[in-house]
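Please work through the exercises below with the sequence and the model side by side, trying each task before reading its solution.

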Amino acid sequence: MSLLTDLVEGARADAEARRSSVSYAELEKLAADAPPALDALEFLRPTERVKILAEVKRASPSRGRLADIPDPAALAVSYETGGASAISVLTEQRRFQGSLDDLRDVRAAVSLPVLRKDFLVDEYQVLEARAAGADLVLLIVSALEQPALARLHSFATSLGMTALVETHDADEVERALDVGAGLIGVNARDLATFELDQDLFGRLADRIPSSVIRVAESAVKTAADVAHYRRAGADVVLVGEALVTGDPVATLQEFLAA
């Protein structure tokens with residue numbers, strides 16, 4: 001079993017456990033009662049400067065424990081203060097040690113769009129995200145057959161959310177475009193092997209039309225890495241580890257200046 005398959009199956013099992021206490025109908029009501037989702041595309045729209053999608057991330061399968069983050073809301077506020085354009089919250093609990101409570105706390109603390117970053121494969125998980133206040137959800141192309149990708153993208157859109165559609169090769173970029181994605185990420189990390197290829201974004205960027213917002217993900221440690229992605233055509237750079245292991249405000253400002 002690949003690591004991605006393991007992550008997806010774990011996330012699916014955890015969602016099924018939550019479903020036993022919170023029904024789909026209850027989630028629908030919670031989602032309907034939540035404030036409307038922010039228009040993330042407006043916040044991430046390309047400008048003369050790169051934008052940062054700053055991540056609340058305690059751990060990862062490749063690096064293990066990164067930071068304790070006892071107060072994810074306070075960290076998110078520091079991201080907003082430092083100039084981030086949106087906040088990503090890891091909610092996967094087994095390998096990333098996140099939770100939907102983290103997402104709820106962050107949503108209540110900031111005025112920026114908030115992304116639920118997890119391994120989403122069905123409508124229940126997307127609805128959970130909206131009920132918890134998420135404005136965006138992550139859809140990983142390699143984790144979804146095309147009909148499921150199209151269905152979940154459409155469902156997220158119907159809830160007023162934006163989908164960040166994550167890709168890893170040219171075929172996946174085409175699949176993302178086929179479902180009408182307006183926000184496409186290229187992840188430098190291979191989710192099967194967890195190896196990094198920082199030049200992958202540059203090889204795929206020209207396949208993403210200028211009308212679509214391009215997000216470079218992973219392999220960011222320094223301002224030079226942000227500049228590398230910017231030169232390759234990134235409108236937005238997703239940054240996690242470098243922010244949670246250092247001074248988030250100072251690091252963000254340094255990255256934005258790149």
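The exercises that follow concern a predicted model, and each task is followed by a worked solution.

**Exercise 1.** Determine how helix H6 and helix H7 are oriented towards each other, and which residues make their contact.

*Solution.* Begin with the axes of helix H6 (residues 123-131) and helix H7 (residues 146-158), which lie 10 Å apart and form an angle of about 25 degrees. Because angles under 35 degrees count as roughly parallel, H6 is roughly parallel to H7. The next step is the handedness, and here H6 passes H7 in a right-handed crossing. Finally, look at the side of each helix that takes part: H6 contributes Glu123, Val126 and Leu127, while H7 contributes Arg151, Leu152, Phe155 and Ala156.

**Exercise 2.** Carry out the analysis for helix H1 and H6, giving the angle at which they pack and the handedness of their crossing.

*Solution.* Helix H1 (residues 3-19) packs with H6 at an angle of about 70 degrees, and the axes are 10 Å apart. Since the range from 65 to 115 degrees counts as roughly perpendicular, H1 is roughly perpendicular to H6. The crossing of these two helices is left-handed. In the contact, Ala11, Arg12, Ala15, Arg18 and Arg19 of H1 meet Tyr124, Gln125 and Glu128 of H6. These residues divide into three nonpolar, one polar and four charged.

**Exercise 3.** Find the buried residues of helix H8, and work out how they are placed around its axis.

*Solution.* In helix H8 (residues 170-178), the buried residues are Glu172, Val173 and Ala176. Because they cover an arc of only 105 degrees around the axis, they lie on the same side of H8. The buried residues, for their part, pack against strand S7 (162-167), strand S8 (183-187) and helix H9 (200-204).

**Exercise 4.** Decide whether His153 is buried or exposed, and list its contacts beyond its neighbours within four places in sequence.

*Solution.* First locate His153, which is in helix H7. Its relative accessibility is 9%, and because buried means under 20%, His153 counts as buried. Once its neighbours within four places in sequence are left aside, His153 is in contact with Leu139, Ala163, Val165, Val179, Gly180 and Ala181.

Key:
Residues are numbered from 1 along each chain as its sequence is written. This is a predicted model: local features need pLDDT of at least 70, side-chain atom pairs count only at pLDDT 80 or more; totals for chains, interfaces and linings use all residues. Side-chain values use heavy atoms; hydrogens and water are left out. Axes are lines fitted to C-alpha atoms, for helices over the stretch in contact, and angles run from 0 to 180 degrees between N-to-C directions. Helices (H or I, at least four residues) and strands (E, at least two) are DSSP runs, numbered from the N terminus. Angles under 35 degrees count as roughly parallel, over 145 as roughly antiparallel, 65 to 115 as roughly perpendicular and the rest as oblique. A crossing is left-handed if the near helix is turned anticlockwise from the far one by less than a right angle, and right-handed if clockwise. Contact means heavy atoms within 4.5 Å. Buried means under 20% relative accessible area, exposed over 50%, partly exposed in between (1.4 Å probe, protein chains only). The arc is that of the directions from the helix axis to the C-beta atoms. Ala, Val, Leu, Ile, Met, Phe, Trp, Tyr, Cys and Pro count as nonpolar, Asp, Glu, Lys and Arg as charged, and the others, Gly among them, as polar.
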